[in-house]
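Please consult the sequence and the structure shown below while reading.

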Amino acid sequence: MSDSQILALESYHGGSHRRFLDDLRRHLAPGCHFELLSLPARGWKWRMRLAALFFARQLTAATEAGRIRPGGRILCSSLLDVAALRGLLPAAWQRVPICLYFHENQFAYPVRHASHRDLQFALTNYTAALAADRVAFNSAHNRETLLWGCRKLLKRAPDMKELVGGVEEIAAKSEVLPPGLELAAVDQAAPEQPEPVTTDTANQPPVILWNHRWEYDKQPELFFAALRQLAADNFPFRLIMAGEGGNARDELFTRARRDLAPWIRHWGYAPRRQDYLRLLHQADVVVSTAAHEFFGLAVLEAVRAGCRPLLPARLAYPEIYPARYLYGDDSKLVSALKAACRAGRLEPAEARRLTAAYDWPRLVPDYQRWLGCLSPGNGD
């Protein structure tokens, strides 16, 4: 491998992790050549515990067989134990720099009950960041919650207090690199003759969009409660319920689908991406009630399609969106949702302004620098 080659080790190759790598390798080519070793996106706890050993053995076999040569950079995500990987790599790979990208961290990832949090996974994030040569986070919220969580957890140790100093080492070598969006693809999915921006909710009921995972950390119960209140108040609306999730048959969703049936325009996952992007263009307001969001690609895509965002003033949202699109606490959700529906879709110029900085072509130079991967004609 040359210095412009990247060996990506992805222990959870699905969802946002897979999309990130697919987009990154496409936009960095031909300046960087990618090799990928991966595992399917399941059993994340097993991945954090054992994927380092798995990849080290795969890499040893591939190196001995001559299928891959040491060099370039290794790119890992935050579900891989980089410290263990360092110790298990074959000797020829020991000096190859490792770049670690945090899509999430286990200090801020929500659990149903605080007592259920396995601190070993959080400590694995800490030692992984220490062992990596370069560290990047998808948001400042992600970075700060990891650094804060490390400090808080290490202070609980009965001794070895000097280990808290490792947090400053991580801070010094880390930065924020947001993931990119394929904004052109979102734009191309727009109808040829888009409906005009309107606030006439009587004649054109606003369409409210949910496009998140159907999981507890997105707090769908708050969203459904707000919609039931709109219905009780005879406030006109329609609902597009999109997004992925394993809880689609959960009683929460089953009951919501039954209760909200008269207002539903679409319900369920759209497996074809083009169909999903068209749904975004049919909506007026995109809502989040999340208790966990380290970035929020789904919201940004909807905003690019013209949806007015209505988001909690917490997590990564305040660093991405102006305060006028945030609601202060969950008790204000219903009134904020009514106001957003009355305001209607974003003007195209505003949608572009909110999302332009996250277009992949704009982010490529930052990733080239972080990965040490030069584009053609840049010299050494």
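## Aromatic cluster

In this predicted model, ring pairs join Trp210, Trp214, Phe223, Phe224, Phe253 and Trp267 into a cluster. Under the pairing rule applied, the count of aromatic pairs is 18.

## An edge-to-face pair

The ring centres of Tyr101 and Trp370 lie 6.2 Å apart with the planes at 70°, so this pair is edge-to-face. Tyr101 belongs to strand E4 (residues 98-102) and Trp370 to helix H15 (residues 360-371), so the pair ties together parts that are 269 residues apart in sequence.

Tyr101 is buried, with a relative accessible area of 1%. Trp370 is likewise buried, its relative accessible area being 2%.

## A stacked pair

The rings of Trp214 and Phe253 have centres 4.9 Å apart and planes at 10°, so they are stacked. Trp214 is located in the loop between strand E7 (207-210) and H8, and Phe253 in helix H9 (residues 251-259); the pair therefore ties together parts that are 39 residues apart in sequence. Both Trp214 and Phe253 are buried.

## Crossing of H8 and H13

Helix H8 (residues 220-232) and helix H13 (residues 333-343) have axes that come within 10 Å and cross at roughly 65°. The two helices, H8 and H13, are therefore roughly perpendicular to each other, and their crossing is right-handed.

On the H8 side, the contact is made by Leu222, Ala226, Leu227, Gln229 and Leu230; H13 contributes Leu333, Val334, Leu337 and Lys338. Classed by residue type, the contact of H8 with H13 has 7 nonpolar, 1 polar and 1 charged residues.

Methods: Residues are numbered from 1 along each chain as its sequence is written. This is a predicted model: local features need pLDDT of at least 70, side-chain atom pairs count only at pLDDT 80 or more; totals for chains, interfaces and linings use all residues. Side-chain values use heavy atoms; hydrogens and water are left out. Axes are lines fitted to C-alpha atoms, for helices over the stretch in contact, and angles run from 0 to 180 degrees between N-to-C directions. Helices (H or I, at least four residues) and strands (E, at least two) are DSSP runs, numbered from the N terminus. Angles under 35 degrees count as roughly parallel, over 145 as roughly antiparallel, 65 to 115 as roughly perpendicular and the rest as oblique. A crossing is left-handed if the near helix is turned anticlockwise from the far one by less than a right angle, and right-handed if clockwise. Contact means heavy atoms within 4.5 Å. Ala, Val, Leu, Ile, Met, Phe, Trp, Tyr, Cys and Pro count as nonpolar, Asp, Glu, Lys and Arg as charged, and the others, Gly among them, as polar. Rings of Phe, Tyr and Trp (its six-membered ring) pair if their centres lie within 6.5 Å; planes under 30 degrees apart count as stacked, over 60 as edge-to-face and the rest as tilted. Buried means under 20% relative accessible area, exposed over 50%, partly exposed in between (1.4 Å probe, protein chains only).
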